[in-house]
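Subject: Structure handover

Hello,

The structure you asked about is below. My notes on what was found in it follow.

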Amino acid sequence: MTNHWNDLQHTDCALIIGANPAENHVISFRWLTKARENGGKIISVDPRFTRTSSQADVYASLRSGTDIPFVGGMIKYALDNNLIHKEYVANYTNASFIVKEGYEFKDGLFSGYDEAKRSYDKTKWALESNPDGTPVKDMTLEHPRSVFQLMKKHYSRYDVDTVTAVTGTPKEDYLNVCKTFCATGKAGKSGTIMYAMGATQHTVGSQNVRIYAILQLLLGNIGIPGGGINAMRGESNVQGSTDFGLLYDNLTGYLASPKATVPEHATLAGYLAKETPVSGYWSNKPKFVVSLLKAWYGSNATKDNEFGYHFLPKGNKNYSHINLFKTMYDGGLDGAFFFGTNPVVGGPNAGKEKEALGKLKWLVAIDLWETESSAFWQKAAGSNPADIKTEVFLLPASASFEKEGSISNSSRWMQYRWKAIDSRGEARPDLDIIHELATKLKKLYAGSSKSADKPFLALDWNYGTGDVPDIDLVAKEINGYDLTTGKLLPGFGALKDDGTTSSGNWIYSGFYPEEGKNKSKNRDNKDTGGHHYLNWSFAWPMNRRIIYNRASADANGNPWSKEKAVIWWDSLQNKWVGNDVPDFKADTAPAAPGGTGAFMMNKDGVALLFAPTLNDGPFPEHYEPYESPMPNAFSSQEINPAITLFEGDFNKRGFKSDYPIVATTYRVSEHWQSGTMTRNQEWLSELAGHMFVEISEELAKEKGIKNKDKIVVTSARGEIEAYAMVTKRYKPFKVRGKQVHQIGMPWHFGFKGYATGATANRLTPHIGDANTMIPEYKAFLCDVRRA
Amino acid sequence: MTKYMKYVDVTKCDGCRACMVACKNWNDLPADPQDFQGSVQSHPKVSADTWNVMQYIEHENGKGDLEYLFRHSACFHCTDAACEKVCPENAISYTKYGTVVIDHDKCVGCGYCVQNCPFEVISLKEYVDKNGDKYRKSQKCTMCTDRLEEGLQPACVTTCHTGSLEFGEETAMLKKAEQRVQEIKGRFPNAQVYNPQGVGGTHTIYVLAEKPSVYGLPENPKVPTSAVVWKDYAQPIGKMMLGATTMALVGAFVTNNIISRKNKDQDGGQGHE
């Protein structure tokens, strides 16, 4: 989130799209209810009328997979009706920048496309720069090759009639959404966009989020209270896990993993030269990387050995979930560790993922319960145990309240938690398990001269003696030390690239600035102003609660409005002041060089309406999902031209002739992800105890299905049986003159626990987004019949 | 003595069901899994082991728009409680807070309260004692009277995150309810306070978005006349003259008449899907 949960109460309008927070991020409604009491509006955009929709002032349906047309049309509406915050756009975005000649967009393809490789040459999307490296600008935004004009042209194709014909949204509802949300373009008003997996789990997932961000920038809604682009995280610590490098292509703190396929990445100097921009805050990247290497390799990281950079693995493949399972399926992996993961329920095309597990020699599952994945070899899973050669180890893990540590929520708040009760039986915290594994392996490898073993031996593993690590030492390592004095660092501003500082995760540096002051333990619930509660926990970076808050003030440093003020320039004190920690250099005056660079992480200090960095285009463009009931109305490119296609048996593709119905998956309040934590809990299982499929009354009638009937849902990957929940909350879509049905189902169920049922992911495809490889769980084709 | 009320604003409820789990947790009630109900509703109604149930109703309003309505349903804690009136063992009584509670040491499991409750929110449960003998007890929401005694609020209220549930002084809650109805009339023209006077008012009051019947609630619930006759006249005199056992038989006769009448009187309030 750019903003935070409590801040939702300040919004004048919440556009909830690709999310159902009333059911899946329930606590948000505490704050949205307050916002409504203050006159704020809620818009719910969803294929299904959800509990969120029931709480909304405006509901608009859309067919799954059509967010880009929906929001593209809103951009056009805002531009056509002059509802944008023009001064904000001119100053704080790259709207005024000039795109180099040669850039073009034709019939769904941007310039630089290589059909054979299914990828773009992004240098064809470059921006013009002056001899000194600064961008060429036209502050009038009139230049035909200015980002603003190109954007206007791009979305001129997204007129209301075309959009609603594709999304299936009733026109009146659509215009109501446009009018209601675009009213937040005025200074003094703010609108927030709240999204979740309904936005991201698409082959255009990254671009879905991008187009939300573009709309928010045009309306001047980033950096202000009640504004922002707010990803609601689906797990209590998923924010923490991505911050800490759990994504396959990241080290910690969003530093790119070095790759063997990038020649420059062979050396640290080459990596830093390639990955470090010349300006913007990321120009400090060498300090973050070197300090990280010092944290990981300690005294084994020296200037002479490039701080141990060569110890880092440099893969030559894409290690995303789908690719890993494809490799496993093809017999390319010997073993796997599953820490609290359950792909036999949660993975796409889960039947194939289950088969893939049988190709492993060994599997170590670390979990609170035996899951469908660690039990994949059992008869209940449909397997014949005699045929499975995989050796499975199950290590019991402690639950969150049985261990100490921190989690980071969607608001970026790192909150420390203390142990409430002892673990049962032999269960142990994950950290203990990893620690013991590392120390034992280190002993086993000791003295080895094999080059493959060296990176492991070089790891600086000093978290106390004994089987249980000192978690406080882990916390301090994350914050980082001044290695010369041995003192904790005050923040990432003190990091150096010469090996004299360490930090395990630069974005968190500053949460533990001195002995005894772990700020994630802060629990002062007094409002310090603006409902930011600055002394409750620690928000990265540097306890800033609304990031990009420099944009809440105009170029001169005065708030755009009194109502939405966060920080402002105090010329008497010569610094930025306000109710939040400035997300800006505190003493850089508005008139000083870089004084208006509100988006200081970026090279030129501006937000990117035109982003020449994504794999599938500088502007979000609509492509149909991998499986779609209709041709693309916007171009002859049916699907995202930059996604990786997996041919063959591993991923069968369905077509509308056999599978005419659109399907999507979602969660219910009572179950968490693959249900391991909740389907083993009786009180939650009784509340949501049955696998169901929601279908409209119209589809039910067509298929002769009555409420509570058992039905079979089929896709190109498999079939499942479940109860029919016939509901008025799904309505058939009218899409380009034809009726299209959509159904939806929860994906929590499996054969373990109190609440059991068919696994929805048996139906979903193995296809991922062009940038992140997140699977397209949210739009696929199926058919339905009575069981 | 100040009376208290649970205030339920259904229009602020997002149907999260934390109230159901909090209730089971505080009252240590076992899970009571049901067959698939055809909607996300977990239980058809409250039961001996499930003292509050979230109702989910798909309703097309007067304008033809779809409303998805939720209601936290539980004992109403009537001011003139039929259950209290018909109990032959005086096991049901009013507390100083205005709540209606069952004394399980006195309850003999006769079920008159179950049969007479105009809201159908009391249930019987069969238990087996350590000798293997079966016995029955009535069960329902206690409004967490044990918590009230400790200065705490009911568990469902404490856990409610949207402010849909509140607990407070009677007059304040009634005022709040009236005000809230005015606020939401624009969106819900049929919005009303549900605090039926036929039972002397209740200690769980609702701000409903629609007519009571949309929620399956009786429009004008009353304490059955025969129950009044029973409690206020027959029982005191009868007990004096005939002793408790005979009176229980008389009670059964009275109750059976009430049930047959009630079945005829069903007022079409079962409209939810």
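Helices (H or I, at least four residues) and strands (E, at least two) are DSSP runs, numbered from the N terminus, and two strands pair if DSSP finds at least two bridges between them. This is a predicted model, in which local features need pLDDT of at least 70 and side-chain atom pairs count only at pLDDT 80 or more, while totals for chains, interfaces and linings use all residues. Residues are numbered from 1 along each chain as its sequence is written, and chains are lettered from A and ligands numbered from 1 in the order in which they are written.

Sheet. Chain A has an open sheet of 3 strands in the order 16-15-17, with antiparallel pairing. Strand 16 (487-488) and strand 17 (501-502) of chain A each have a single partner strand and stand at the edges, so one side of each lacks a neighbour in the sheet. Strand 15 (residues 481-482) of chain A pairs with strand 17 of chain A over 2 bridges, in the antiparallel sense. A:Thr501 in strand 17 is the bridge partner of A:Asp482.

Chain contacts. Two residues are in contact if their C-beta atoms, placed from the backbone, lie within 7 Å. By that rule, 27 residues of chain A touch 21 residues of chain B. On the chain A side, helix 20 of chain A gives the largest share, 5 residues. This side has 10 nonpolar, 9 polar and 8 charged residues. Here Ala, Val, Leu, Ile, Met, Phe, Trp, Tyr, Cys and Pro count as nonpolar, Asp, Glu, Lys and Arg as charged, and the others, Gly among them, as polar.

Cores. A nonpolar core is a set of buried Ala, Val, Leu, Ile, Met, Phe, Trp, Tyr and Cys residues joined through C-beta atoms within 7 Å; buried means that 20 or more other C-beta atoms lie within 10 Å of the residue's own. The largest core has 180 residues, and those with the most contacts inside it include A:Phe610 and B:Cys83. Helix 10 (residues 205-218) of chain A gives the most to this core, 8 residues. A second, separate core of 32 residues includes A:Ile711 and A:Phe780.

Domains. Chain A is assigned domain 1 (5-231) and domain 2 (661-786), with bounds from an automatic or database domain assignment. Their centres, taken over C-alpha atoms, are 28 Å apart. Contacts join 23 residues of domain 1 of chain A to 28 residues of domain 2 of chain A.

Regards

Technical notes:
Buried ≥ 20, exposed ≤ 12 C-beta atoms within 10 Å, placed from the backbone.
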